[in-house]
Amino acid sequence: MKNIISAAILLAIVFTAFGDTAERIKKYSGKNAKSLLELYSAKGTSDYIKFILDHSSPNDLAVLTPEYIKKNVDIALKAKEFKYSDVYGDDIFRHFVLPLRISQEPFEDWRERFYKE
């Protein structure tokens with residue numbers, strides 16, 4: 001019973017922290033809120049872009065731009081063309097290739113340089 005209660009509390013914390021993506025974008029994105037909302041809700045927006053926005057922290061939402069997200073997703077998707085990439089499933093790709101950075105690193109344009117290498 002303790003484990004069930006602990007799990008329920010943890011889920012409540014997670015849902016409170018992330019909540020509705022559109023509401024989080026409005027709350028934390030400042031001057032980029034309108035363009036990020038348009039990107040998130042546009043017909044044809046890739047699930048990968050939505051995944052990034054769904055999992056972005058409030059601090060990330062405060063500085064991310066649609067251009068930066070699209071550029072990084074495009075290059076990450078190009079990496080799926082490498083012959084070894086079909087070994088890993090989409091879940092691995094989303095969590096380990098697609099992220100824009102690791103932890104609290106600054107956002108930098110690293111992906112294109114790494115792709116070329």
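How many aromatic pairs does the structure hold? I found two aromatic pairs, where rings of Phe, Tyr and Trp (its six-membered ring) pair if their centres lie within 6.5 Å, and planes under 30 degrees apart count as stacked, over 60 as edge-to-face and the rest as tilted. I keep in mind that this is a predicted model, in which local features need pLDDT of at least 70 and side-chain atom pairs count only at pLDDT 80 or more, while totals for chains, interfaces and linings use all residues. Residues are numbered from 1 along each chain as its sequence is written, and side-chain values use heavy atoms, with hydrogens and water left out.

I looked up Tyr48 and Phe93: their ring centres lie 5.3 Å apart with the planes at 75°, so the pair is edge-to-face. Tyr48 sits in helix α4 (residues 47-54) and Phe93 in helix α7 (residues 90-97), 45 residues apart, and both are buried (under 20% relative accessible area, with exposed over 50% and partly exposed in between, for a 1.4 Å probe and protein chains only).

I then turned to Tyr68 and Phe107, an edge-to-face pair with 5.6 Å centre to centre and 75° between the planes. Tyr68 counts as buried at 14% relative accessibility, whereas Phe107 is partly exposed, with a relative accessible area of 23%.

For confidence, I noted a mean pLDDT of 84, with 85% of the residues at 70 or more; pLDDT is the predictor's confidence in each residue, from 0 to 100. Over residues 14-18 pLDDT stays under 50. Where pLDDT is low, the predicted coordinates should not be read in detail.

Methods: Contact = heavy atoms within 4.5 Å. Helix = DSSP H or I, 4+ residues; strand = E, 2+ residues; numbered from the N terminus.
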